[in-house]
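Q: I have a structure open and I'd like to go through it with you. Can we start with the overall layout and then look at some details?

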Amino acid sequence: MYLVGFPLLLIPLAIYNMIAFLFDLGFNDTIFSIRMMSGATLGVTTGDLLIIFSILLLFVEILKATRFGVKSIVDHMLSFVVFVGALIEFLMVQKAATSTFLIFLVICAVDVIGGFSISIRAAARDYTVESHPVAH
């Protein structure tokens, strides 16, 4: 898999920063609306799209966590670096103090915790101890 070793959640973090600092968009701006069968109109915002995209990438990250080897460890460490960077940005940067960024931060935390948990659990299943009969 080509994406091993690259933290995919870095992509929505970069997109968030581009929206916040380069474009004149807010995270509550409606991008498009969907007319529902009930007659209601669902407005999809910039923040909604970013969170949906982040959740899809989280799914891929969780699939990547099932792989073994040095690349997997590097991938987990890079995901942790993205989480720490996002946490620092959330705490220190005024434009990151939004509910969209908070939800993204939780997605990053799930990536880190889930990735390590899945790897540890999968490694424990692969580790088998052969029993040898005791000689008397």
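Q: How many helices and strands are in the protein chain?
A: The protein chain has four helices and two strands. Both kinds of element are DSSP runs numbered from the N terminus: helices are H or I with at least four residues, and strands are E with at least two.

Q: What pattern do they follow along the sequence?
A: Read along the sequence, the pattern is α-β-β-α-α-α.

Q: What should I know about the model itself?
A: This is a predicted model, in which local features need pLDDT of at least 70 and side-chain atom pairs count only at pLDDT 80 or more, while totals for chains, interfaces and linings use all residues. Residues are numbered from 1 along each chain as its sequence is written, and side-chain values use heavy atoms, with hydrogens and water left out.

Q: What share of the residues is buried?
A: Buried residues are 32% of the 136 residues in the protein chain. Buried means under 20% relative accessible area, exposed means over 50%, and partly exposed is in between (1.4 Å probe, protein chains only).

Q: And what share of the contacts joins residues 24 or more positions apart?
A: Among contacts with a separation of 6 or more, such pairs account for 65%. Contact here means heavy atoms within 4.5 Å.

Q: New topic: the helices. At what angle do α1 and α2 pack?
A: Helix α1 (residues 10-21) and helix α2 (residues 46-64) pack at about 165°, and their axes are 9 Å apart. The axes are lines fitted to C-alpha atoms, for helices over the stretch in contact, and angles run from 0 to 180 degrees between N-to-C directions.

Q: What do you call that arrangement?
A: α1 and α2 are therefore roughly antiparallel to each other. By angle, under 35 degrees counts as roughly parallel, over 145 as roughly antiparallel, 65 to 115 as roughly perpendicular, and the rest as oblique.

Q: Is the crossing of α1 and α2 left-handed or right-handed?
A: α1 passes α2 in a right-handed crossing. A crossing is right-handed if the near helix is turned clockwise from the far one by less than a right angle, and left-handed if anticlockwise.

Q: Which residues meet there?
A: From α1 there are Ile11, Pro12, Ile15, Tyr16 and Ile19, and they meet Thr46, Leu50, Phe53, Ser54 and Leu57 in α2. By class, the contact of α1 with α2 has eight nonpolar residues, two polar and no charged. Nonpolar covers Ala, Val, Leu, Ile, Met, Phe, Trp, Tyr, Cys and Pro; charged covers Asp, Glu, Lys and Arg; the others, Gly among them, are polar.

Q: How do α1 and α3 cross?
A: Their axes come within 10 Å and cross at roughly 25°. α1 and α3 are therefore roughly parallel to each other, and α1 passes α3 in a left-handed crossing.

Q: Which residues make that contact?
A: Leu10, Leu13, Asn17 and Phe21 of α1 make it with Val82, Ala86 and Glu89 of α3. The contact of α1 with α3 has five nonpolar residues, one polar and one charged.

Q: Now the core. Which residues touch the most other members of the largest nonpolar core?
A: Phe101 and Phe104 do, in a core of 21 residues. A nonpolar core is a set of buried Ala, Val, Leu, Ile, Met, Phe, Trp, Tyr and Cys residues joined through side-chain atoms within 4.5 Å.

Q: Which helix gives the most to this core?
A: α4 does, with six residues. Each of α1, α2, α3 (70-92) and α4 (99-126) supplies at least two.

Q: What is Phe104 in contact with?
A: Leaving aside neighbours within four places in sequence, Phe104 contacts Leu9, Pro12, Leu13, Ile51, Ser54 and Ala86.

Q: What about Glu61, buried or exposed?
A: Glu61, in helix α2, is buried, with a relative accessible area of 3%. Beyond its neighbours within four places in sequence, Glu61 contacts Phe6, Pro7, Leu8, Leu9, Asp75, Ser79 and Asp111.

Q: Pro7 is in that list. Where does Pro7 lie?
A: Pro7 lies in the segment before α1 and is buried, at 7% relative accessible area. Outside four places in sequence, Pro7 contacts Glu61, Asp75, Leu78, Ser79 and Val82.

Q: Last one: where is His76, and what does it touch?
A: His76 is in helix α3 and counts as buried at 9% relative accessibility. Not counting residues up to four places away in sequence, His76 touches Ala65, Gly115, Phe116 and Ser119.
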